[in-house]
Amino acid sequence: MKPIFANLNARNRRQLLDLRQQAQTDKAPRVALRLQAILLSVDRHTPPQIARMLHVHRTRVHDWVRLWNDHGVDGLKEGHRCGRPAQLTAAQRLQLHDLIESGPVAYGLNTGVWTSPLIAALIAEEFGVAYHPGHVRRLLHRIGLSVQRPTTRLVQADPPAQRQWTRYTYPNLKKKPKPKGR
């Protein structure tokens, strides 16, 4: 099989070097890697050689060179990774934001704190969409909220007694290293 090489003239080479530099300063390492692969291909390195040098799979190099030859710089730019479509519409996310902001007591729960499983159950009940509790955190972040963790403290504790225990009793409870020697 005949190796495929990138097409490039001398004027475009300087532009390609500038683009690679810009990709590195813009913190786009994947684009910089692709541009480096094209530069190596122009220098007549074969795709398997380039793959070994850049520590990527050789089929990736074939794809990058083909995209470069077909579309130029636009073929190497980062595309939008769409992923799975959102299950809640923008209006539903806004409604969820309002429900969470009003608090769990206003929703009819007898707890003062929202938890991920509670919010997942709320979403399932209100919108008929199942969310994993772990994904609820990402959803909260996307709608401008964050997970709040309550601090644990004893409600009926006596602060002076706590200070005394921390200062005097606790250090005496801690294990001390045994003396060295036999």
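**Entry 1. Terms and model**

I take buried to mean under 20% relative accessible area, exposed over 50%, and partly exposed in between, with a 1.4 Å probe and protein chains only. I am working on a predicted model, in which local features need pLDDT of at least 70 and side-chain atom pairs count only at pLDDT 80 or more, while totals for chains, interfaces and linings use all residues. Residues are numbered from 1 along each chain as its sequence is written, and side-chain values use heavy atoms, with hydrogens and water left out. Helices are DSSP runs (H or I, at least four residues), numbered from the N terminus.

**Entry 2. Positive phi in the loops**

I first looked up backbone angles. Most residues other than glycine have a negative phi. H55 has a positive phi near 60° although it is a residue other than glycine. I find H55 in the loop between α3 (47-54) and α4 (58-71). Is H55 buried or exposed? With a relative accessible area of 72%, H55 is exposed.

K27, also not a glycine, has a positive phi of about 55°. I located K27 in the loop between α1 (10-25) and α2 (29-42). K27 is exposed, at a relative accessible area of 73%.

**Entry 3. R13 in α1**

I then turned to R13, which lies in helix α1. Its relative accessibility of 29% makes R13 partly exposed. I list contacts as heavy atoms within 4.5 Å. Setting aside neighbours within four places in sequence, I find R13 in contact with L8, L39, V42 and D43. The C-alpha atoms of R13 and A37 are 13 Å apart, and the two residues are separated by 24 residues along the chain.

**Entry 4. Helix α4**

The 14 residues of α4 should span 20 Å, and the end C-alpha atoms are 20 Å apart, in agreement.

Which residues of α4 are buried? I find V61, W64, V65 and W68. Seen down the axis of α4, these buried residues fall within an arc of 95°, so they line one face of the helix. The arc is that of the directions from the helix axis to the C-beta atoms. On the face of α4 turned away from the buried side, I note the exposed residues D70 and H71. Just after α4, G72 takes a positive phi of about 75°.

Two packed helices are described by the angle between their axes and the distance between the axes. The axes are lines fitted to C-alpha atoms, for helices over the stretch in contact, and angles run from 0 to 180 degrees between N-to-C directions. I class angles under 35 degrees as roughly parallel, over 145 as roughly antiparallel, 65 to 115 as roughly perpendicular and the rest as oblique.

For α3 and α4, I read axes that come within 8 Å and cross at roughly 115°. That makes α3 roughly perpendicular to α4. The contact is made by P47, P48, I50 and A51 of α3 and R58, V61 and H62 of α4.

For α2 and α4, the axes come within 10 Å and cross at roughly 80°. The two helices, α2 and α4, are therefore roughly perpendicular to each other. On the α2 side I find L33, R34, A37, I38 and S41, which meet W64, V65 and W68 in α4.

**Entry 5. Helix α7**

Helix α7 (residues 116-127) has 12 residues and reaches 16 Å from its first C-alpha to its last, close to the 16 Å expected. I list S116, I119, A120, L122, I123 and F127 as its buried residues. They cover an arc of only 160° around the axis, which puts them on the same side of α7. P117 and E125 are exposed on the other side of α7. The buried residues of α7 pack against α5 (90-102), α6 (104-107) and α8 (133-142). G128 follows α7 and has a positive phi, near 70°.

I looked at S116 of α7 separately. S116 counts as buried at 11% relative accessibility. Leaving aside neighbours within four places in sequence, S116 is in contact with P133, V136 and R137.

**Entry 6. α5 against α7**

How do α5 and α7 pack, and at what angle? I read an angle of about 130°, with the axes 11 Å apart. α5 and α7 are therefore oblique to each other. The contact is made by Q92, Q95, L96, L99 and I100 of α5 and I119, L122, I123, E126 and F127 of α7.

Note on methods. Expected span 1.5 Å × (residues − 1).
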